[in-house]
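Q: Could you go through this structure with me, one part at a time?

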Amino acid sequence: MKSKNFYTYAKMKREFDEIKSLFPFDAEYKSIGKSLWGRKIECIKIGEGETKILFCGAHHGMEHLTSKLLLTFAREYLLAIKKDHPSG
């Protein structure tokens with residue numbers, strides 16, 4: 001089955017960049033390496049403290065739905081932080 005609505009790397013990159021522009025000071029944004037196809041592996045670090053939690057997606061390269069899920073989670077989490085701490 002073919003679909004025109006796949007969540008592609010380009011769509012993921014646009015969403016990552018949009019989150020970065022909406023919340024430039026609320027998180028750290030970086031590339032943590034490259035895929036076998038030479039694409040950046042993007043990372044968003046939110047918060048500070050001793051406890052660390054890692055969420056990762058697209059483990060098998062073409063599983064784009066998990067990337068979409070994690071970017072939606074990051075956006076919602078950053079929105080909640082802004083709501084609770086409007087001054088940063």
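Q: Where does Gly47 lie in this model?
A: The model is a predicted one. In the model, Gly47 belongs to the loop between S2 and H2.

Q: Is Gly47 buried, partly exposed or exposed?
A: Gly47 counts as partly exposed, because its relative accessibility is 45%.

Q: How far is Gly47 from Glu28 in space?
A: From C-alpha to C-alpha, Gly47 and Glu28 are 8.8 Å apart, while in sequence they are separated by 19 residues.

Q: Let us step back. How many helices and strands does the protein chain have?
A: The chain has 2 helices and 2 strands. Starting at the N terminus, their order is α-β-β-α.

Q: And how much of the chain counts as buried?
A: The chain has 88 residues, and 18% of them count as buried.

Q: What share of the contacts comes from residues 24 or more positions apart?
A: Such residues account for 50% of the contacts in the chain that have a separation of 6 or more.

Q: Now the strands. How do S1 and S2 run, and how many bridges join them?
A: S1 and S2 run antiparallel, and 6 bridges join them. Two of the facing positions can be named here: Lys30 is opposite Cys43 in S2, and Tyr29 is opposite Ile44 in S2.

Q: What about the hairpin, how many residues are between the strands?
A: The hairpin of S1 and S2 has 5 residues between the strands. Within this hairpin, Gly38 adopts a positive phi near 80 degrees.

Q: Which strand holds Ile32, and is that residue buried or exposed?
A: Ile32 is located in strand S1. Ile32 is exposed, because its relative accessible area of 55% is over the 50% cut-off.

Q: What does Ile32 touch?
A: If neighbours within four places in sequence are left aside, Ile32 is in contact with Ile41 and Cys43.

Q: On to the inside. Which residues form the largest nonpolar core?
A: That core has 9 residues, namely Tyr7, Met12, Phe16, Ile19, Phe23, Ala27, Tyr29, Leu71 and Leu78. At least two of the core residues come from each of H1, S1 and H2. H1 gives the most, with 3 residues.

Q: Why might such side chains be found together?
A: In soluble globular proteins, nonpolar side chains tend to be buried together.

Q: Take Phe16, then. What is it in contact with?
A: With neighbours within four places in sequence set aside, Phe16 is in contact with Tyr29, Lys30, Glu42, Cys43, Ile44 and Leu71. Among these, Tyr29 and Leu71 are also members of the largest nonpolar core.

Q: Where is Arg75, and is it buried or exposed?
A: Arg75 is found in helix H2. Arg75 is buried, because its relative accessible area of 17% is under the 20% cut-off.

Q: Which residues does Arg75 contact?
A: Neighbours within four places in sequence aside, Arg75 is in contact with Glu15, Glu18, Ile19, Leu22 and Phe23.

Q: One last topic: what is the volume of the largest pocket?
A: The largest pocket has a volume of about 1,400 Å³. Its lining consists of 41 residues, and those nearest its centre are Glu42, Cys43, Phe55, Cys56 and Leu70.

Q: Which elements give two or more residues to that lining?
A: They are helix H1 (9-22), strand S1 (27-34), strand S2 (40-46) and helix H2 (64-84). H2 supplies the largest share, 8 residues.

Q: And how does the lining divide into nonpolar, polar and charged residues?
A: The lining of the largest pocket has 23 nonpolar, 11 polar and 7 charged residues.

Key. Residues are numbered from 1 along each chain as its sequence is written. This is a predicted model: local features need pLDDT of at least 70, side-chain atom pairs count only at pLDDT 80 or more; totals for chains, interfaces and linings use all residues. Side-chain values use heavy atoms; hydrogens and water are left out. On a 1 Å grid over the protein atoms alone, a cavity is a set of points where a 1.4 Å probe fits but cannot get out, and a pocket is an open set with protein on both sides within 12 Å along at least five of seven lines; lining residues have an atom within 4 Å of a point. Grid points are joined across faces, edges and corners, and a volume is the space filled by probe spheres set on the points. Helices (H or I, at least four residues) and strands (E, at least two) are DSSP runs, numbered from the N terminus. Ala, Val, Leu, Ile, Met, Phe, Trp, Tyr, Cys and Pro count as nonpolar, Asp, Glu, Lys and Arg as charged, and the others, Gly among them, as polar. Buried means under 20% relative accessible area, exposed over 50%, partly exposed in between (1.4 Å probe, protein chains only). Contact means heavy atoms within 4.5 Å. Two strands pair if DSSP finds at least two bridges between them. A nonpolar core is a set of buried Ala, Val, Leu, Ile, Met, Phe, Trp, Tyr and Cys residues joined through side-chain atoms within 4.5 Å.
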